[in-house]
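Take a look at the chain shown here. Read the report alongside it.

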Amino acid sequence: MPARPHDVAVAGWSPRATLFGYTALTYIISWSLWSVWAISETGATFTGTVLFVLGGLGPVVASAILVRASDRSLKAWFHDIFQAHIAPRYYVLALALTVALFLGAAVIHVVFFDGVVTPDVLPGVIEYPLFLGFVILFGGGLEEPGWRGYLLPTLQEYSCTRVATRS
C-alpha cells in the first residue's frame, strides 16, 4: 500500500506493532515521571507540578520519537497536527456557543425561577476563556498531538475510522 503524506509509522511496523510501540513508549515516559512525582512526595510544589506536567507530555514525546525514528520531519508533523481542517468560523461558533448556553441558562433562571443574577455569577463568563485554555493545555490537550497526529492516521492507513478509533 503506498504511503500517504501523513503516514508516520516506523518502516516495517504493522498496525499492531505501531499501536503497541506507541502505547508502551507513552506509558514509559509518562509513568516514569509520574512515579518520581508520587514517590518523592513533592505534591503541589513547583517541582511536583513540573514532573506532573512533563508526565502529561508523554504522548507528544513518544510521537516525536517515533516520527524521528521513521525519518520524518518533526516540523512537517507539527504543521500537519495544528493545521485547521475547517473554516475558523466553526471554531469561533463552538467557543461562542458555550458562552451563549451559559447566558441562556442565566436568563431561564431569572425568567422561570425568579432567580437573581448577581455579580458573583458573572465571573464564569470572564473566566471561561482562561479555564478553556487550561483544559486544552493540561486536560487532554497534551494527548491530542500523539493520538491525532501520530497513532490515528497510522491506524487509519490499515483500517476504517471506526476500527482505528476503537484500538
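This report moves from the overall fold to the core, then to one serine and a surface patch.

## Overall fold

The model is predicted. Its chain has eight helices and zero strands. From the N terminus on, the order of elements is α-α-α-α-α-α-α-α.

Of the 167 residues, 25% count as buried. The chain exposes about 11300 Å². Carbon and sulfur atoms supply 71% of that area. Now take the contacts with a separation of 6 or more: 64% of them link residues 24 or more positions apart.

## The nonpolar core

The largest nonpolar core holds 14 residues. Tyr22, Leu66, Trp77, Tyr150 and Leu151 touch the most other members.

## Ser30 in helix 1

Ser30 sits in helix 1, which spans residues 15-40. Is Ser30 buried or exposed? Its relative accessible area is 4%, under the 20% cut-off, so Ser30 counts as buried.

Leaving aside neighbours within four places in sequence, Ser30 contacts Gly55, Gly58 and Pro59. A polar atom of the Ser30 side chain lies 2.6 Å from the backbone oxygen of Gly55.

## A nonpolar surface patch

Which residues form a nonpolar patch on the surface? They are Val107, Ile108, Val110, Val111, Phe112, Phe113 and Val117. Together they have about 680 Å² of accessible area.

Ile108 lies in helix 5, residues 88-113. Its relative accessible area is 42%, between the 20% and 50% cut-offs, so Ile108 is partly exposed.

How values were computed
Residues numbered from 1 in each chain as written. Predicted model: local features only at pLDDT ≥ 70, side-chain atom pairs only at ≥ 80, totals over all residues. Heavy atoms only, no water. Patch = residues over 30% accessible without salt bridge, like charges linked within 9 Å, V, L, I, M, F, W, Y side chains within 5 Å. Areas by Shrake-Rupley, 256 points an atom, 1.4 Å probe, with all protein chains shown as cover. Salt bridge = Lys/Arg side-chain N within 4 Å of Asp/Glu carboxyl O. Helix = DSSP H or I, 4+ residues; strand = E, 2+ residues; numbered from the N terminus. Buried < 20%, exposed > 50% of the residue type's maximum accessible area, 1.4 Å probe, protein only. Polar contact = N/O pair within 3.5 Å; in protein donor to acceptor, adjacent residues only side chain to side chain. Contact = heavy atoms within 4.5 Å. Core = buried A, V, L, I, M, F, W, Y, C linked by side-chain atoms within 4.5 Å.
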